[in-house]
Amino acid sequence: MTQMDSDWWKHTVCYEIYPSSFKDSNGDGVGDIKGITSRLDYLKSLGVGCIWLTPVYASPMKDNGYDVSDFYQINPLYGSMDDMDELLAEAKARGMKIVMDLVFNHMSEESAWFLESKKSKDNPKSDWFIWRDQPNNWRGIFGGSAWTYSEERKQYYLHTFGSFQPDLNWENPEVRKALYDIANFWIQKGVGGFRIDAIVYIKKPSDFADGKPDASDGTVFIHDMTANTEGILDFLHEFKKNVLDGKNVFTVGEANGIHPEELHRWVGKDGVFDMLFEFNHLQGGDIWYRPIRLSTLDVKKAIFQSQKATEKNGWYPIFFENHDKPRSVNAYFSEKANKELASKALITLLLTLRGTPFVYEGEEIGMSNVNWNSIDDYNELNSRSQYEMALQEGFSHEQSIGFVKALSRDNARTPMQWNDSLNAGFSLGKPWLQLNENFTQVNVASQEKDPNSPLNYFKRLSQLRKNHAVLLNGDFAPILESDPQIFAYRRTWNGKSLTVLVNLSEMEASYASQIVEGQTLIFSNLDGVKLGTLRPLEANIFE
Ligand code: NOJ
């Protein structure tokens, strides 16, 4: 394997697919694997070389596949193992790889492993999950106690997420071995890598002590008690040795709460993964009625820190969206912002920062948040529990639904907008989740025809990235670091240098034009560029 081959994932664009919402091939209203296969040429046209599928394994779908019942089976809603093999082969024929999601912190309550574990205190899988006689005061990520009582076993089991997602006991070597076998099975099938779900939670503190309450009901957020517990990396180094070493697959861990200064322990030569999704630059917060609003400067600082931290060691996954987050054109900008320009501004960062871009389905056309006024319209469980929590805190319906509108995971999960025909060309049947009603204006087909659309902007910039080694390999140096509006940096490689200037604010901004002296404008999201000023949301690249 040459150095270049083994680093293929550093030089491509990854595209995240939420299978339920991407493309339905059989009219049941739910996207499926054949639907994905039918759109590979579209993805190729974006310059995508790697496709991350959120879980497609057998699952009761209480958390849309993040509650896996069997990692060796494909969910019949999505198709069959033959469909999966066909997708792998068709992707390969186009020079693309499929990346699977490993949900190794927990399983479904309906998995054979849990069904056995809960039968008694002494069955062969009795300690494959985490059982206690008494709960502590930890609150799960989807709200409520992190412990649920099993009548059958007469004990409580721990769940970081929903009560239907019991946490696996990583302390048990048999559990770890069973998980490594699963990953190796998928490597044998020819996948190109793994996105590893909720991985910071696999190690629990051994005393399971109560935490200092952070909510009026006396509970403490489980994340603050279990994320990144000492000893976690020993498990992960073992995973690396048993699964990854010597294989041409890459890994990107989902690591909420890991800070740039800790990255070196997680990625690169002494770490375990190739990349880590840390979330320090994303808008949000764990309790939606207490949202965290990052300013442009905060976002910039967070990204600059991660770029710095992965400069010499490891690699950075650049992303602004995923299936758990609101759409970026809403998250980072005001209601009034010109969404097309905003989308192009972010696409500019996505495709020119140092690292591997991860684009989420629909981001390339600037899909935006929904505007649903009833909680019954929302499918995903966190929206419902956050809404309830806000009501309980005394917020009105209007206020509570406002929090949900801003942060609901359903914002990102509405069906992909392919065209302006029935159900946006997503399905001939009734979609499992309502469409965003703006699909008649925002869709792939109309953007393909419009040379100025976000989609064509994405394609051109993706091509430019491919043709400029400096964008793929170049060093990264921040400029205008304390400017509150402009996100700016230089990429340099082999005597070549590119300067990227993006005004992330909705007001005009100015800068000292010397920073681009002697350079030529090669790319912009607006015509009529004037040195020294940037119109609202203007993005320029100089060479
Ligand atoms: C993170 C996933 O991205 C999210 O969708 C899921 O609900 C949780 N992990 C639990 O698996």
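Predicted model: local features only at pLDDT ≥ 70, side-chain atom pairs only at ≥ 80, totals over all residues.
Local features were taken at pLDDT of at least 70 and side-chain atom pairs at pLDDT 80 or more, whereas totals for chains, interfaces and linings use all residues. Residues are numbered from 1 along each chain as its sequence is written, and side-chain values use heavy atoms, without hydrogens and water.

Strand 1 (residues 13-17) is joined to strand 15 (residues 356-360) by three bridges in the parallel sense, and cysteine 14 has phenylalanine 358 of strand 15 as its bridge partner.

Helix 10 (residues 296-309; helices are DSSP H or I runs of at least four residues) contains 14 residues. Its buried residues (under 20% relative accessible area, 1.4 Å probe, protein chains only) include Val299, Ile303 and Phe304. The buried residues of helix 10 pack against strand 16 (475-479) and strand 17 (486-493), with contact meaning heavy atoms within 4.5 Å.

Three cavities of 30 Å³ or more were found in the whole structure; a cavity is a set of points on a 1 Å grid over the protein atoms alone where a 1.4 Å probe fits but cannot get out. Helix 13 (residues 381-392) contributes the most to the lining of the largest cavity, with four residues; lining residues have an atom within 4 Å of a point.

Conventions:
Helix = DSSP H or I, 4+ residues; strand = E, 2+ residues; numbered from the N terminus. Expected span 1.5 Å × (residues − 1). Buried < 20%, exposed > 50% of the residue type's maximum accessible area, 1.4 Å probe, protein only. 1 Å grid on protein atoms, 1.4 Å probe; cavity = no way out; pocket = protein on both sides within 12 Å on 5 of 7 lines; lining within 4 Å. Points joined across faces, edges and corners; volume = space filled by probe spheres on them. Pairing = 2+ DSSP bridges.
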